[in-house]
Amino acid sequence: MLILEITLVATWYAKGLAKPDAATCASRVFPRKTIICVHHEHSHVRLRVNDHVPPGPNAPDLDLSRGAFRSLAPLSTGRIRVCAHILRSPHASTETPCPH
């Protein structure tokens, strides 16, 4: 089985979210409904991509929910480098386990 690992920049957001601590994120890289595993230092979190990140010169690759970011690093960090793995693409029926 091929496991693709990609290094990305992640930030967090909570404004306007009904559930700011849900395991969700917005992405410039992955399509909606993709399930990903995001790893930072010694922590990882399983997330569902539910939105896209608008383009911009300082736009992150991933915009994590507040709860997801907090699982990886203190909110005051603001921006972190993460590794991401696709666990399930939008049209797949099975999910790969997180490699971390």
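Which residues touch the most other members in the largest nonpolar core? This is a predicted model, in which local features need pLDDT of at least 70 and side-chain atom pairs count only at pLDDT 80 or more, while totals for chains, interfaces and linings use all residues. Residues are numbered from 1 along each chain as its sequence is written, and side-chain values use heavy atoms, with hydrogens and water left out.

Read from the N terminus on, the elements follow the order β-β-β-β-β-α-β. The radius of gyration, taken over C-alpha atoms, is compared with a globule rule of 2.2 Å times the number of residues to the power 0.38; for 100 residues a compact globule would come near 13 Å, and the protein chain agrees because its own value is 13 Å. Along its principal axes, the C-alpha trace spans about 35 × 25 × 25 Å.

The strands make up a closed barrel of six, in the order β1-β5-β2-β4-β3-β6 and with mixed pairing; two strands pair if DSSP finds at least two bridges between them. From one strand to the next, the twist averages 45°, the angles being taken from 0 to 180 degrees between the N-to-C directions of axes, which are lines fitted to C-alpha atoms, for helices over the stretch in contact.

Six bridges join β3 to the antiparallel β4, with Arg 48 of β4 as the bridge partner of Ile 35, and the two strands form a hairpin with two residues between them, where Glu 41 in the turn has a positive phi of about 50°. Strand β3 also runs antiparallel to β6, to which five bridges join it, and here Cys 37 stands opposite His 85. Because six of the six residues of β3 are buried, this strand is largely enclosed by the rest of the structure; buried means under 20% relative accessible area, exposed over 50%, and partly exposed in between (1.4 Å probe, protein chains only). Ile 35, Cys 37 and His 39 point one way from β3, whereas Ile 36, Val 38 and His 40 point the other way.

With these terms in hand, the opening question can be answered. In the largest nonpolar core, which has 18 residues, those that touch the most other members are Ile 36, Val 38, Leu 47, Leu 62, Leu 64 and Val 82. At least two residues of this core come from each of β1 (5-13), β3 (35-40), β4 (43-52), β5 (62-65), α1 (66-72) and β6 (80-88). A nonpolar core is a set of buried Ala, Val, Leu, Ile, Met, Phe, Trp, Tyr and Cys residues joined through side-chain atoms within 4.5 Å. Not counting residues up to four places away in sequence, Val 38 touches several residues, including Leu 47, Leu 62, Leu 72 and Val 82, where contact means heavy atoms within 4.5 Å.

The cysteines complete the picture. A disulfide is here a pair of cysteine sulfur atoms within 2.5 Å, and by this rule the count comes to one. The disulfide is formed by Cys 37 and Cys 98, whose sulfur atoms are 1.8 Å apart, and it is left-handed because the torsion about the S-S bond is about -50°. Since Cys 37 lies in strand β3 and Cys 98 in the segment after β6, the pair ties together parts that are 61 residues apart in sequence. Cys 37 counts as buried because its relative accessibility is 1%, whereas Cys 98, at 24%, counts as partly exposed.

Cys 25, by contrast, is in no disulfide, and the nearest cysteine sulfur, that of Cys 37, is 11 Å away. Cys 83 is found in strand β6, and its sulfur is 9.9 Å from the closest cysteine sulfur, in Cys 37, which is too far for a bond. Cys 83 is also buried, with a relative accessible area of 18%.

Note on methods
Helices (H or I, at least four residues) and strands (E, at least two) are DSSP runs, numbered from the N terminus.
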